[in-house]
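Please keep the sequence and the 3D view at hand while reading.

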Amino acid sequence: MSGPNTNYDPVEVSALDPAQVDANVQAALDAIAAAGDLDQLKQVRTAHAGDKSPLALANREIGALPPTAKAEAGKRVGQARGRVGQALKERQAELEAERDERILIDEAVDVTMVPGRRPLGRRHPIEQMGRRIADIMVGMGWEVAEGPEVEAEWFSFDALNFDEDHPARQMADTFYIDPPEHGLVLRPHTSPVQARAMLERGAPLYVACLGRVFRTDELDATHMPAFHQVEGLAVDEGLTMAHLKGTLDRLASELFGDGIVTRLRPSYFPFTEPSAEMDLRCFVCRGTDPDCRACSGTGWIEWGGCGMVNHNVLRACNIDPERYTGFAFGMGVDRALMFRTGASDMREMIEGDVRFDAQFGMEI
Amino acid sequence: MRVPVDWLREYVEVPTDARGADIAESLVRVGLEEEGLHGGDVTGPLVVGKVLTMEPEQQKNGKTINWCTVDVGDANGTGEPQGIVCGAHNFAPGDLVVVVLPGGVLPGGFEISARKTYGHVSAGMICAADELGFPDDGSGGIIRLAERLGRDDLTPGEDAIPLLGLDRETVEINVTPDRGYCFSIRGVAREYSASTGATFTDPAIALGDKAPRANDAGFEVRIEDAAPLRGQVGCSRYVARIVRGIDPTAPTPAWLAVRLTEAGMRSISLPVDVTNYVMLALGQPLHAFDLATLDGPIVVRRATEGEKLTTLDDVERTLFAEDLLITDQQRILAIAGVMGGENSEVSDATRDVLIESAHFDPVSVARTARRHKLPSEASRRFERGVDPLLAPAAAQLAVDLLVEYGGGTVDEGVTDVGTAYEPVSIALNPKDIGRIVGVEYADDRVREILTQIGCEVSPEFTVTPPSWRPDLTTWPDLAEEVARIDGYDKIPSIVPTPPGGRGLTTSQAARRLVGESLAAQGLFETWADPFIGDDAFEALGFASDDPRRQTVRIANPLSDEKPWFRTTVLPGLLEALRRNVARGSKDVAIFEQGLVVGGPAGTAKTYPVGTYPGPEAVAAIEQAVPAQPRMLGWALTGHADRAGWWGGGRAADWSDAIAVARAAAEALAVELVVTAGDRAPFHPGRCAQLALPDGTVIGHAGELHPKVIGRLGLPARTVAGELDLDALIAAAGSPQARILSNFPVVQSDIALIVPSQTPSADVERVLRSAAGDNLEAIQLFDVYDGDQVGEGRKSLAYRMTFRADRTLKTEEVNGFRDAAVAAAEQEFGATLRA
Ligand SMILES: [Zn+2]
């Protein structure tokens, strides 16, 4: 496009002629405007502002003029060079900005490609569920207690008011350590942890017991020989079933959402008297959908058992039932997970298939 | 327990418009959980129809259907014959059938509408037995009413629902073990009354009044229990009545048979049906003996070990010394309260019947039923406690029914032997009830409720529970009665305010941290059950004296192949790994935190319920429980760093297994000392021993032994590790903060040639210690064992980073470096690589 001015003829034209200076300036400005990139602009700069450019030559000729003409010619040429210099600067900035922008465009990538050099692992959803429950209990001022899975029969049964003939003690229900007369079982519930806590710490006591328990059930979609329970035990002066209900309601709403409450129905358990079954307000339909699958249209979901701690349990654990009352409740962690996530087959929870864990995040 | 609604209505005034669901709801309120509703789910129009025409039509699919017109009277609103397509063939024009018209609903919520089929509009359906919820009667499907009901006076269009008893409802409830009396219509009626206030009439009262007193003419019965269990005589009462001259062919009346069926029992013969009916009605199990087979007085005694009896279910049973028996002078007649023997069974030839109405000890019956794996309707009731005053009334009802329907005559002789029932009484402070329930009950309200459930309440609140409530022995038992009858829904909801806890324990918090750190490293947590077999020990290559073979055995394992409680979490983890791979996952990294048995088990005594055995006894029990440390295990296969569009992946190797251990330790600020190890199930040359700074070995990690990989069917080069998480947590440090220097670092690289077997960790330790305090970091950045370093040698390249609280001079740093190299020369014969 542009380049050194080839029409220039120093013989025919005076370099200091005003018209000629203007023409040179105009030629320079045209070339600058036409420069399409920084390289071209560099050539334009050499041709129109370099040492050998017409304006530079004109400048050099000023010295040969008579003194009277010097000032005027100097001013003319100076202004001309200034205009060209300014135009170069502006065009330079313009082209640099264009270049920077183009680089960013050229560097664009496909951000939708999925990275995965080392995907995040997971804590098991059952553990997350247990942790959530534990955190709610801790938030209410409770503590979390644990105990052994191979447990003494006394802690598992007698201390909890299951007498020697109670059906749960049969080998058809509970795993015994061989030989059975040595008094060791795989704990069938987390309640022995309650007994241990009462014996170790005494009253007042507010503990949640979390852990794995065992029953002689073959593995199928809704049964596992090893599953997870959480139980709560509070022993203090003046505790009533109202406090039990309040604790359950709080736990229910924290776990399943605002407004999810519990309902107590009379029942029977050896370690509590009075005893109750607790139901959870259906968190899917909230009792408004007769065709709801979560609650079979009843509006309530069975959640676990609870009651006021039987005096025989308090006595066995060296707590004075005349002074203290207590309440206790228990529920399945795995079941709670099923409610929350819609998981329908318990086997998937324990087979260790990472695809099960991967469905969830790190907080259930 | 199945409760036919019309039977319930006989004892309690259920409102006429109350449906099964309403009754169930009332029972749920007082603690009888609903198990199901049966019947009553058919809604009309379901009418009698008379088949007018029936044209078989061959279909393209080879089937023949019948295009019928059926007279349904005015039930269809027009009086015109109804056109219906029917696929069954066991009927003919002129037959009376059951027709469900459009709008009717069959069991299972199956709604009928007119629909186009086989080229006709079929406006309803001719019903087969199974479509109405009846068992197929073998006739081939369609119910023919005249035959089924034995009636020919039916009119087309007549409502068929009551004709077939489809309006009858049965409520099925679950009875908790403390409420044995609810295994009877009488007991459930009482609960319904308590729940709703409906008037209840105890059928046992009139029967008891009617029953004659015992006399000398009764059949002789002796109770000779030489070995009572837990201080309770096995039979506290034995009432016997005799009915003679029964017609052995007399049928059971239809109403009684229907009730039995609805309650879930089969109709067998009049005498048997009568005993079952009385049991269901009142809760008293009875037994009927063929009087002709009895020889002399009945003796109730314990068995002699090894005695034999063939029970009614045709099984010869060897008896245990604790079993309580009904015997005569020759033979054993029955296992008391559990099941009768074949030899005294009533049969088609029986004319004289002896009715046994007895009270057997719950513990004795329960143990016997369990020992013989013989739960029966009778044992189920005796185990939970039968009303000890009920026996004469129950026997009376049986006698009345046998006389009325069997044509027999009752003997004057009445037997009633045993010990008198002594009621317990409970001193109640009525205020205590409110104190435990959280609802304030007026004294009068407490009295009202307790009286309603059958208690006698003295003016001073001495409460005597009724004979059918052996479960009421303490005042909290009475509190439950008051609370449940008044309604659990009246209990307010109050969040208690504990004194404030300490939060999670250090160990609990540390375990979370370790788990989350591993998850962040890409590992997935799994659970495995703790049961393992000898094959697991073999597969892992445990030596015969490996301490991890020392554990407890489950006496009643689900699988005889897996009787042991695990001592390591690896078998479950590796099984899960294998399963993931088998299901198509190639890159798998998993971990588990779980308890294992880590010490010997002792003998733990038991003590009676309700007693504190004392601190020494409790300590001894705790001592007997084997130690159960919590292990952290992990296993990886496939790529540790995945392949993808970014480039190739990196296979998980032994170092990744060790990195997991390091991550766990770092999360807890524990310095993990890693040295070469050799332990099953690891590759002997690629096994790291993991120790605490004090030298305690807490685990191992590395590549699995190729033979283990082969035996378990795992992918080649699978890596794993396991450590004692409790021990790691116990060593968790509390590092002290240092002042961080901001002066420049000076780096110095060295390459040392050492014998191949020299562990780099040892070299690093020597370098670190000789380089002095200004060594800020040291990192092994290259390992080379090619030709240039010579056979049996390797080159280890370290970058040493120095920093001090001033600017270090080059000469100084060179001095530190030279000292480190000199120490390595001294210790390992190391030479500086040129
Ligand atoms: Zn719902």
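## Salt bridges between the chains

A salt bridge is a side-chain nitrogen of Lys or Arg within 4 Å of a carboxyl oxygen of Asp or Glu. In this predicted model, such bridges link Asp163(A), Glu164(A), Asp165(A), Arg230(B), Glu322(B), Asp323(B), Arg367(B) and Arg371(B) into a network. One pair from this group is Arg230(B) and Asp165(A), whose closest N and O atoms are 2.5 Å apart. Between chain B and chain A the count is 15 salt bridges, while the count over all chains comes to 81.

## The interface of chain B and chain A

The size of an interface is often given as the accessible area lost when the parts come together. Here the area buried between chain B and chain A is about 8800 Å², and carbon and sulfur atoms give 58% of that area. The contact takes 108 residues from chain A and 102 residues from chain B.

Across this interface there are 44 residue pairs in polar contact, counting pairs in which both residues have pLDDT 80 or more. On the side of chain B that touches chain A, the largest share, seven residues, comes from helix α15 (residues 506–520) of chain B. The residues on that side of chain B divide into 52 nonpolar, 23 polar and 27 charged.

## Salt bridges between two strands of chain B

Which residue meets Arg237(B) in a salt bridge? The partner is Asp416(B), with an N to O distance of 2.8 Å. Because Arg237(B) lies in strand β14 (residues 235–244) and Asp416(B) in strand β23 (residues 409–418) of chain B, the pair ties together parts that are 179 residues apart in sequence. Arg237(B) counts as buried at 18% relative accessibility, whereas Asp416(B), at 28%, counts as partly exposed.

A salt bridge of 2.7 Å, N to O, also joins the side chains of Arg244(B) and Asp411(B). Arg244(B) lies in strand β14 and Asp411(B) in strand β23 of chain B, so this pair ties together parts that are 167 residues apart in sequence. Arg244(B) is partly exposed, with a relative accessible area of 34%.

Is Glu273(A) buried or exposed? With a relative accessibility of 8%, which is under the 20% limit, Glu273(A) counts as buried. This residue is found in strand β7 (residues 272–281) of chain A, and an unreviewed UniProt entry places the feature "binding site" there. Leaving aside residues up to four places away in sequence, Glu273(A) touches Met308(A) and Asn310(A), together with Ile436(B), Pro476(B), Asp477(B) and Glu480(B).

Gln194(A), in helix α7 (residues 191–201) of chain A, is buried with a relative accessible area of 7%. Beyond its neighbours within four places in sequence, Gln194(A) is in contact with residues including Cys209(A), Glu231(A) and Ala328(A). Thr311(B), in the loop between β17 (308–310) and β18 (316–318) of chain B, counts as buried at 0% relative accessibility. The side chain of Thr311(B) makes a polar contact of 2.5 Å with the side chain of Asp313(B), and a polar contact of 2.9 Å joins the side chains of Thr311(B) and Arg317(B).

## An annotated domain

According to an unreviewed UniProt entry, the annotation "domain: FDX-ACB" covers residues 741–833 of chain B. Over residues 741–833, chain B is 33% helix and 34% strand, and the end C-alpha atoms are 32 Å apart.

Note on methods: Residues numbered from 1 in each chain as written. Chains lettered and ligands numbered in written order. Predicted model: local features only at pLDDT ≥ 70, side-chain atom pairs only at ≥ 80, totals over all residues. Heavy atoms only, no water. Helix = DSSP H or I, 4+ residues; strand = E, 2+ residues; numbered from the N terminus. Buried < 20%, exposed > 50% of the residue type's maximum accessible area, 1.4 Å probe, protein only. Contact = heavy atoms within 4.5 Å. Buried area = accessible area lost by both parts, 1.4 Å probe. Polar contact = N/O pair within 3.5 Å; in protein donor to acceptor, adjacent residues only side chain to side chain. Nonpolar A, V, L, I, M, F, W, Y, C, P; charged D, E, K, R; others polar. UniProt positions renumbered as here; feature names shortened; annotations may be inferred.
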